[in-house]
Amino acid sequence: MLSVADAERIILAAVAPLTEVEGVHLPDATGRILATAVRSQLDFPHWDNSAMDGYAVRFEDVADCSGDNPQALQVIEEIAAGQPPQNTLQSGQAARIFTGAMVPPGADTIVMQEVTRREGDRVEVLQPPKALGEFVRHRGRFYQAGTPLLNPGIRLGAAEIAVLAAAQCNLIKVIRKPRVAILSTGSELVAPDQPLKPGQIVDSNQYALAAFLEQLGMEALRLGIVADEPQVLRQNIREALQWGDVVLSTGGVSVGDYDYIEGILRELGGEVLVQSVAIKPGKPLTMARFAKLRSLYFGLPGNPVSALVTAWRFVQPALLKLSGLSQGWQPQFVQAITELALPAAPSRETYIWGQVKIHEGRFYFNCAGGSFSSGNLVNLAQTNACAVIPVGSPGIAAGERLSLLLLSF
């Protein structure tokens with residue numbers, strides 16, 4: 001049985017990030033992983049522009065003015081945002097200008113309107129600017145054309161989409177989405193829309209994992225329920241491996257008479273790298289690599305909580321690395337204070353689910369109510385973190401510090 005750290009190391013070492021590139025239009029790029037560096041042919045700002053409503057002036061004309069000695073200037077034009085200036089400013093002249101508008105040739109400073117007094121086509125400057133170039137956003141100050149604007153390996157969110165739009169990048173090269181097939185094994189399972197007979201269990205894992213994959217930005221294929229029949233399992237797993245970069249199955253990975261997954265993986269040419277992990281919940285975790293197919297297989301426990309905990313702890317970082325993210329795919333841990341005492345399992349690293357909140361700059365963890373059974377998914381709702389209790393720990397007392405696995409990325 002592997003330690004959690006060893007299992008994580010083995011799993012992540014087996015993941016080779018995808019390199020296949022596809023083009024998507026800007027409106028479809030949100031959440032995608034950028035494949036190549038983006039450069040723009042535009043400077044940012046595109047030209048010198050005003051950061052204030054006021055007057056474009058020559059610094060030397062107004063450098064010595066004051067309320068007692070105002071400097072009068074002739075206003076030769078008015079420049080609104082989006083309107084190019086029509087004149088070159090000469091000594092003794094000013095241009096009325098608005099935020100974002102182009103600074104006219106000859107002007108080098110903006111005087112904000114609050115320190116001026118306007119009379120007809122003349123304006124008096126009552127206070128000198130603090131420095132040459134005040135309130136001027138110079139061309140190329142934020143970005144110079146031709147240099148890298150966005151680096152590959154980043155997820156495109158709202159801010160990145162804004163940058164791409166401003167740079168007029170309409171077709172974006174991104175890494176294709178990882179394809180993940182999901183199947184639930186077990187003759188006792190029924191779909192949520194089917195009548196439940198005595199002894200049967202509703203398959204929640206299929207839907208939980210599909211939602212998990214959607215949140216991560218993966219392309220998921222739900223293959224449904226597969227009965228505990230070796231030939232049927234083998235055929236479904238073979239087809240799933242041919243389609244997916246990753247296959248996730250739940251159930252059939254323990255040591256029961258109807259747990260066939262590990263044997264089938266070996267028969268299909270898989271190299272089983274992980275067989276069980278010293279984690280609670282989630283001990284019966286299987287992971288295999290199929291080198292020829294360039295596919296990975298995760299056999300997750302069938303119990304709903306165990307399936308999600310192992311997905312959060314091991315599958316999520318593997319998928320994020322596979323997706324082409326250059327950083328931020330590793331599990332995210334923070335130090336927190338537990339509000340309630342937490343139990344431990346002497347021989348396994350224990351994960352207890354609940355909610356983390358921030359108060360006055362510190363993380364506080366409150367475990368979910370009810371029993372912590374791997375089959376009790378009811379109190380899993382609203383979970384955003386798992387407390388991590390090390391092997392050999394007697395437990396964590398209320399008010400003590402502990403490590404938390406954050407479940408968002």
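One thing before I start: the model is predicted.

I'll begin with the helices. Helix 7 covers residues 304–322, and helix 1 covers residues 4–13. Their axes come within 10 Å and cross at roughly 25°. An angle under 35 degrees counts as roughly parallel, so helix 1 and helix 7 are roughly parallel to each other. The crossing is right-handed. On the helix 1 side, the residues that make the contact are Val4, Ala7, Glu8, Ile11 and Leu12. They meet Arg313, Phe314, Pro317, Ala318 and Lys321 of helix 7. By type, the residues of this contact divide into seven nonpolar, no polar and three charged.

Helix 7 also packs with helix 4, residues 205–216. Here the angle is about 25° and the axes are 11 Å apart. That makes helix 4 roughly parallel to helix 7, and this crossing is right-handed. Helix 4 contributes Asn205, Ala208, Leu209, Phe212, Leu213 and Leu216. From helix 7 come Pro304, Ala307, Leu308, Ala311, Trp312, Val315, Gln316, Leu319 and Leu320. The residues of this contact divide into 13 nonpolar, two polar and no charged.

Next, a single residue. Is Thr350 buried or exposed? Thr350 has 7% relative accessibility, and the cut-off for buried is under 20%, so Thr350 counts as buried. Thr350 lies in strand 23, which runs over residues 349–359. The side chain of Thr350 reaches the backbone nitrogen of Ala345 at 3.1 Å. If we set aside neighbours within four places in sequence, Thr350 is in contact with Lys280, Pro343, Ala344, Ala345, Ala387, Val388 and Ile389.

Most residues other than glycine have a negative phi, and most peptide bonds are trans. Here are some exceptions.

Lys280 and Pro281 are joined by a cis peptide bond, with omega about -5°. Pro281 sits in the loop between strand 19 (279–280) and strand 20 (286–290). Another cis peptide bond joins Phe44 and Pro45, where omega is about -10°. Pro45 is in the loop between strand 2 (38–39) and strand 3 (49–50).

Now positive phi. Phe135 is not a glycine, yet its phi is positive, about 65°. Phe135 is in the loop between strand 9 (122–125) and strand 10 (136–137). With a relative accessible area of 25%, Phe135 is partly exposed. Gln382 also has a positive phi, near 70°. Gln382 lies in the loop between strand 24 (362–367) and strand 25 (385–389). At 65% relative accessibility, Gln382 counts as exposed.

Last, a distance for orientation. How far apart are the C-alpha atoms of Asp28 and Pro301? They are separated by 35 Å, and the two residues are 273 residues apart along the chain. Asp28 is in the loop between strand 1 (21–25) and strand 2. Its relative accessibility is 52%, so Asp28 counts as exposed.

To recap the packing: helix 7 is roughly parallel to helix 1, and helix 4 is roughly parallel to helix 7. That's what I have.

Definitions and conventions: Residues numbered from 1 in each chain as written. Predicted model: local features only at pLDDT ≥ 70, side-chain atom pairs only at ≥ 80, totals over all residues. Heavy atoms only, no water. Helix = DSSP H or I, 4+ residues; strand = E, 2+ residues; numbered from the N terminus. Buried < 20%, exposed > 50% of the residue type's maximum accessible area, 1.4 Å probe, protein only. Polar contact = N/O pair within 3.5 Å; in protein donor to acceptor, adjacent residues only side chain to side chain. Contact = heavy atoms within 4.5 Å. Axes fitted to C-alpha atoms, helices over the stretch in contact; angles between N-to-C directions. Parallel < 35°, antiparallel > 145°, perpendicular 65-115°, else oblique. Left-handed = near helix turned anticlockwise from the far one by under 90°. Nonpolar A, V, L, I, M, F, W, Y, C, P; charged D, E, K, R; others polar.
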